[in-house]
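Look at the sequence and the structure below.

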Amino acid sequence: ECDMCVSVATLVEHKLQQNYTEAQIMQYLDGLCSKLPQSYAQRCEKLVNERTKEIIQLLVKKVPPHEVCQKLDLCTAYYIPKLNFIPRSGPELQCDLCQTVVSQIEAFLNDNKTEEEITKFLERLCAHLPLKYSKKCDSLLEQDIEKIIHLLIHEQPPRLVC
């Protein structure tokens with residue numbers, strides 16, 4: 001449930017940034033859920049129908065997607081996302097990967113965690129990814145962690161950081 005919530009909340013966040021109305025977001029999500037395999041579709045539809053208004057309200061207040069899902073009691077603190085739910089591939093998946101990593105860093109910064117604590121967690125996150133993304137994740141951390149933290153401290157959203 002946590003991964004699905006974060007994926008839905010991330011998609012809703014992107015649609016809000018594109019000035020979609022609540023009705024347009026619901027229509028988009030209904031279409032998305034109907035394209036998923038049956039085992040996911042029912043859970044997706046339930047989440048969308050029962051929680052989208054709450055998700056939108058929290059996102060409008062600039063609450064990051066993973067924290068939205070924590071506030072809705074669908075995620076525990078500092079979960080490790082399963083990126084295989086994200087219904088994208090290629091460059092879009094790489095963008096989602098970056099935004100997921102950056103959102104996690106942002107959550108840690110909001111909790112006043114040190115760079116060392118953030119790095120250790122993100123190393124575990126990278127290790128849980130499929131091999132081809134794990135290497136990209138590790139590379140992102142090695143090359144850009146300080147830049148990412150700097151941009152987040154200056155209140156740049158994950159989408160722009162990536």
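On one side of helix H6, Glu116 and Ala127 are exposed, with over 50% of their relative accessible area left open. In this predicted model, H6 covers residues 115–127, which is 13 residues. From its first C-alpha to its last, H6 reaches 18 Å, close to the 18 Å expected at 1.5 Å a residue.

Other residues of H6 are buried: Ile118, Phe121, Leu122, Leu125 and Cys126. Buried here stands for under 20% relative accessible area. Viewed down the axis of H6, the buried residues fall within an arc of 140°, so they line one face of the helix. Glu116 and Ala127 lie on the other side.

Now take the whole chain. The chain contains 8 helices and 0 strands, and along the sequence its pattern reads α-α-α-α-α-α-α-α. Of its 162 residues, 45% are buried. How far apart in sequence are the residues that touch? Among contacts between residues at least 6 apart in sequence, 62% join residues at least 24 apart.

The last topic is the largest pocket, which holds about 500 Å³ of space. Its lining consists of 17 residues, and the closest to its centre are Glu13, Lys62, Glu106, Pro157 and Pro158. Four helices each supply at least two residues of this lining: H1 (2–17), H3 (38–60), H5 (90–110) and H7 (131–153). Sorted by class, the lining has 10 nonpolar residues, 3 polar ones and 4 charged ones.

Note on methods. Residues are numbered from 1 along each chain as its sequence is written. This is a predicted model: local features need pLDDT of at least 70, side-chain atom pairs count only at pLDDT 80 or more; totals for chains, interfaces and linings use all residues. Side-chain values use heavy atoms; hydrogens and water are left out. On a 1 Å grid over the protein atoms alone, a cavity is a set of points where a 1.4 Å probe fits but cannot get out, and a pocket is an open set with protein on both sides within 12 Å along at least five of seven lines; lining residues have an atom within 4 Å of a point. Grid points are joined across faces, edges and corners, and a volume is the space filled by probe spheres set on the points. Ala, Val, Leu, Ile, Met, Phe, Trp, Tyr, Cys and Pro count as nonpolar, Asp, Glu, Lys and Arg as charged, and the others, Gly among them, as polar. The expected span of a helix is 1.5 Å times one less than its number of residues. Buried means under 20% relative accessible area, exposed over 50%, partly exposed in between (1.4 Å probe, protein chains only). The arc is that of the directions from the helix axis to the C-beta atoms. Contact means heavy atoms within 4.5 Å.
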